[in-house]
Amino acid sequence: MSDITNQSLNQIIKRIKTKEISSTDLTKAYIKNIEGAKKLNAFVTTTFDYALDKAKQFDNKPNFDQLLPGIPLAVKDLFCTENFKTTAGSNILNNFVPSYESTVTKNLWDNGSFLLGKLNCDEFAMGSSNETSYFGNVINPVGDQLVPGGSSGGSSSALAADLTPATIGTDTGGSIRQPASFTGTVGLKPTYGLCSRWGIVAFASSLDQAGPMTKDITDCAIMLEAMSGFDEKDSTSINKKKENYSKNLKDNIKGLKIGIPKEYRVDNMPKEIDELWEKGKKILKDLGVELIDISLPHTKYALPTYYIVAPAEASSNLARYDGVRYGFRSEKGKDLIEMYENTRSEGFGDEVKRRILIGTYVLSSGYYDAYYLKAQKVRQLIKRDFDDNFTKVDAILTPSTPSSAFKIGEKTNDPVSMYLNDIFTVPTNLAGLPALSLPAGLDKQGLPLGLQLIGKPLDEQKILNIGYAFEKNCEFKNEIKKWWS
Amino acid sequence: MSLDKEKIKHVAKLARISVNEAKVDSLTKDLNSIFKFIEQLNELDTNKVEPLTSILNQSLRSRKDEINDGKIREKVLKNSPKDSEEFFVVPKVVE
C-alpha cells in the first residue's frame, strides 16, 4: 500500500470509512513521520499516548457519520487545549496548562478527530517567518534553509511534510495565508466572526481569526465546516445557520465576475509573481469567469494602519501577563512593580516587546488622536474600497505574497522589510473579509507561490468553489523531497 | 516626529517592561524606522471620515448577569507561579 500520510484528508477519510485503514494504524503512521522529522522543529508538544488511546477508542466503537472520523490532528500552539500545555510560542507561557478547551478545537474533536500535538508558531503569532518563537525556528520542508512563513509556520511545515493530515492556524495579518503560500498548501482566513475566538491566545482581537490549513480545497471545506459556528462565549461570533461547505462544493463558476485590483502590482515585485497572477487570470477566464479591472485606492495604507491597530490591541491583550496568575515569573526585583517589569522583560521576546511598546505609545495620552484614531479612520477607507467594489464583482484575485519563501535570517534585522511580506494579506483582516490562499505555481528556484481569492463577508462557499475549479485546472504539484528523514 | 531614548524609557515604564541601555538603543533604532513607515498615513486627509470601531454589522450581544460556572478555585490557581491557601502570592506591596 502506498504511504497513507501523503494523501489528502478527504482521501484518508474515505479509507477510514471503507476500513482500509484503522484510526490506530493511521495515527501510528503520523507518529512515525513526526519522530523522523525533528529537524523541522514543527512541534512544541506531542500527545502520542493520548492520540493512540483516542484512536483505539474510535476503532473499538467507530462512528463513520462524523466529518472527521478517527482523524489525528496537530494544531497551532495558540489554541488552548485542556490539560495539554499551550505556549503561544512564548517563554512567558512555557508552563501554562489550560483548564479549558478552545471552542474551535472542541468543535474539531466533537466531529471525531483528536489531538496529535501542538505546533510551533511565532511568539504570540507576531511574525512572518516563525523566527520569533521561544522554541526556535521552524524549517520549511521545501528547503532546509528556508522559513515556513509565519506566524502559523509549524502548521504549514507539519502539513507540507505529512506530519498531520490537516491543521488549523490563526490569521491576524496573513498568518495562515502567507505560510500556506510558502509551502504550496491551501490556507483560508474566514470572515471575522465565523469561527469563535474563545480559548485562542489573543493577539489583536478585532483582526484575529482561526482557519483551516490543508492539502486541497475539499479538505479546506471539510475543516471549515467542522471548526466554524456560533459561540455564545465569543461576543463577536456571528449567529447564523451552519453551512455544509464540503457537500456544496461545486466547480461550475461560469459567469462569475472576478476583480483584478491594479494596486496589488507593487514596485519591485518579482516578475514571476506577475506571471503567476497572469496564469491565474487565464485559468479563470477559460472557466468562463469575467475578469474586471478594479481599484482599491487605499491598499498602500493598509500595512501602516495595521502596524498601529494590531500593536495597540496587542499591548492591551498582553497586559495580562504579569507573573501572578499564570505563566513565567521572574525571581528578580525587590517589589511588585519590579517583579512585573522583570517578568515581562525576561518572558517576552524582542518582536513582542517592540509591538507592545508601539501599541503603548500610540494609545498613550497626547498621541492617541495622531495615531490610533487616524488608523481607525483609514481602516474605514480601506473597508469602503472593498464595499464599493463588491457591488460589481463576486470575488477578487491577487497574489498571496510578494515573494516565495525566503532564507532564515534574511529579514530578521529589519522589522519593516519583514512586515512588507504581509502587504497583500493585511487589507482583508482590516476589512474582516474571507480570503483563501491557493497554491498556483513554482518560481524558477522551484519554490511554491500562491494566489489569493478575497470574498464578500460570509461568502466562503463562493471562494471555495472558485478555488475548487481553479485547483482542477491549475496542475500544481508540490514535489517535496523528504530530505529531513 | 522621532522617538528619543527618554521617550522609549517612559513608554517601557508604562508597559511594565524593564529595558537596559543597550536595549533602549536598539529599540530607538527599530521603533523610529517603524514609525517612519507608519507616518505615511499623514498623506491622507481623514477629517470627514468616521473611525471604524467594529467590522461587524451587528452590535455586541449582552447576556443576563448570572453565574454560569464557579466553584473552580483549584483550576484558577493551578497555573499560578506562587500561591498559598486560597490566594495568589506576590511580593510585598505595603510596608
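1. In chain A, 8 strands make up an open sheet of mixed pairing, in the order 4-6-5-10-11-9-7-8. Strands are DSSP runs of E with at least two residues, helices are runs of H or I with at least four, and both are numbered from the N terminus; two strands pair if DSSP finds at least two bridges between them. Strand 4 (167–170) and strand 8 (290–294) of chain A are the edge strands, each with a single partner, so one side of each has no neighbour in the sheet. On average, neighbouring strands of this sheet are turned by 30° against each other, direction ignored.

2. The model is predicted: local features need pLDDT of at least 70 and side-chain atom pairs count only at pLDDT 80 or more, whereas totals for chains, interfaces and linings use all residues. Residues are numbered from 1 along each chain as its sequence is written, chains are lettered from A in the order in which they are written, and side-chain values use heavy atoms, with hydrogens and water left out.

3. Strand 4 of chain A runs antiparallel to strand 6 (residues 210–214) of chain A, and 4 bridges join them. Opposite Ile168(A) stands Pro212(A) in strand 6 of chain A. Helix 7 (residues 217–227) of chain A lies across strands 4, 5 (186–189), 6 and 10 (435–442) of chain A, at about 150° to strand 6. Such angles run from 0 to 180 degrees between N-to-C directions, with axes fitted to C-alpha atoms, for helices over the stretch in contact.

4. Over all chains, the count is 32 salt bridges, each defined as a side-chain nitrogen of Lys or Arg within 4 Å of a carboxyl oxygen of Asp or Glu. In one of them, the closest N and O atoms of Lys482(A) and Asp162(A) are 2.8 Å apart. Lys482(A) lies in the segment after helix 15 (460–474) of chain A and Asp162(A) in the loop between helix 5 (153–160) and strand 4 of chain A, so the pair ties together parts 320 residues apart in sequence.

5. Contact (heavy atoms within 4.5 Å) links 52 residues of chain B with 73 residues of chain A. The area buried between the two chains is about 5400 Å², 66% of it from carbon and sulfur atoms; buried area is the accessible area (1.4 Å probe) lost on putting two parts together, summed over both. Leu52(B), Ile55(B) and Arg61(B) supply 13% of the area that chain B buries against chain A, more than any other three residues.

6. Across the interface of chain B and chain A there are 4 salt bridges. Glu43(B) and Lys300(A) meet in a salt bridge, at 3.2 Å from N to O.
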